[in-house]
Amino acid sequence: MNWTLEVVVVPVSDVDRAKAFYAEQLGFDVDHDTRIGEQVRLVQLTPPGSGCSIVIGHGAVPQMAPGSLKGLQLVVTDIHKAHAQLVERGVQVSEVQILGQNPTPMPDPLDNVGFVFFSDPDGNEWAVQQISSRG
């Protein structure tokens with residue numbers, strides 16, 4: 001049996017600001033922006049190439065403090081290109097960091113150990129890891 005992770009709820013204080021950050025700055029696809037009356041709004045966004053989406057909104061999502069989600073992780077095939085793209089899009093991102101030692105540095109020595117880090121406008125924290133074989 002396959003168990004796939006499909007959606008992660010990201011707690012935000014301002015849905016429009018968060019939607020702009022994820023869609024315009026990070027380049028996530030807006031799958032839908034659904035309003036159910038004035039009390040419920042759900043926005044689903046998906047990183048390019050991902051099988052898992054994030055949902056931001058109010059009224060029909062679990063109550064969590066904005067900015068309380070830590071450790072979300074994206075994977076890319078080239079951490080330097082990802083860093084450059086984030087900088088170009090105005091995201092405050094860390095420099096490339098090497099965390100640990102790759103026991104088998106093939107095909108690229110940054111695989112598994114090359115990371116950059118950023119936060120959304122509410123302080124939810126994201127990591128981006130290089131795994132070139134995923135491309």
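In this predicted model, Arg 41 is buried, with a relative accessible area of 4%. That value places Arg 41 well inside the buried class, because the class takes in residues under 20% relative accessible area. Arg 41 is found in strand S3, and its side chain makes a polar contact with the side chain of Asp 16 at 2.8 Å. Beyond its neighbours within four places in sequence, Arg 41 is in contact with Val 15, Asp 16 and Lys 19, with Asp 33, Thr 34 and Arg 35, and with Ile 56, Gly 57 and His 58.

Asp 16 leads on to helix H1. The N-terminal end of H1 is capped by Asp 14, which has a side-chain oxygen 3.1 Å from the backbone nitrogen of Asp 16. Within H1, which spans residues 15-25, the buried residues are Val 15, Ala 18, Phe 21 and Tyr 22. Viewed down the helix axis, the buried residues of H1 fall within an arc of 130°, so they line one face of the helix. Their packing partners are strand S3 (40-46), S4, strand S7 (114-119) and S8. Just after H1 comes Gly 27, with a positive phi of about 85°.

At its start, a side-chain oxygen of Asp 78 reaches to within 2.9 Å of the backbone nitrogen of His 80. Ile 79, Ala 82, His 83 and Leu 86 are the buried residues of H2. Seen down the axis of H2, these residues fall within an arc of 100° and therefore line one face of the helix. Lys 81 and Glu 88, on the other side of H2, are exposed. The buried residues of H2 pack against S5, S7 and S8. Following H2 is Gly 90, whose phi is positive, near 85°.

Strand S8 (residues 125-130) holds Gln 130, a polar residue that is buried, with a relative accessible area of 2%. The side chain of Gln 130 makes a polar contact with the side chain of Asp 111 at 3.0 Å. Leaving aside neighbours within four places in sequence, Gln 130 is in contact with Val 76, Thr 77, Asp 78 and Ile 79, and also with Asp 108, Leu 110, Asp 111, Asn 112 and Gly 114.

Asn 112 lies in the loop between strand S6 (97-98) and S7. Although not a glycine, Asn 112 has a positive phi of about 75°. With a relative accessible area of 38%, Asn 112 is partly exposed, whereas Gln 130 is buried.

The pocket is lined by 27 residues, and the closest to its centre are Pro 47, Pro 48, Leu 74, Val 75 and Val 76. Strand S4 (53-58), strand S5 (72-76), helix H2 (79-88) and S8 each give two or more residues to the lining. Strand S5 provides the largest share, five residues. By class, the lining comprises 17 nonpolar, seven polar and three charged residues. Val 76, one of the residues closest to the pocket centre, is also among the contacts of Gln 130.

Methods: Residues numbered from 1 in each chain as written. Predicted model: local features only at pLDDT ≥ 70, side-chain atom pairs only at ≥ 80, totals over all residues. Heavy atoms only, no water. Helix = DSSP H or I, 4+ residues; strand = E, 2+ residues; numbered from the N terminus. Buried < 20%, exposed > 50% of the residue type's maximum accessible area, 1.4 Å probe, protein only. Polar contact = N/O pair within 3.5 Å; in protein donor to acceptor, adjacent residues only side chain to side chain. Contact = heavy atoms within 4.5 Å. 1 Å grid on protein atoms, 1.4 Å probe; cavity = no way out; pocket = protein on both sides within 12 Å on 5 of 7 lines; lining within 4 Å. Arc of directions from axis to C-beta.
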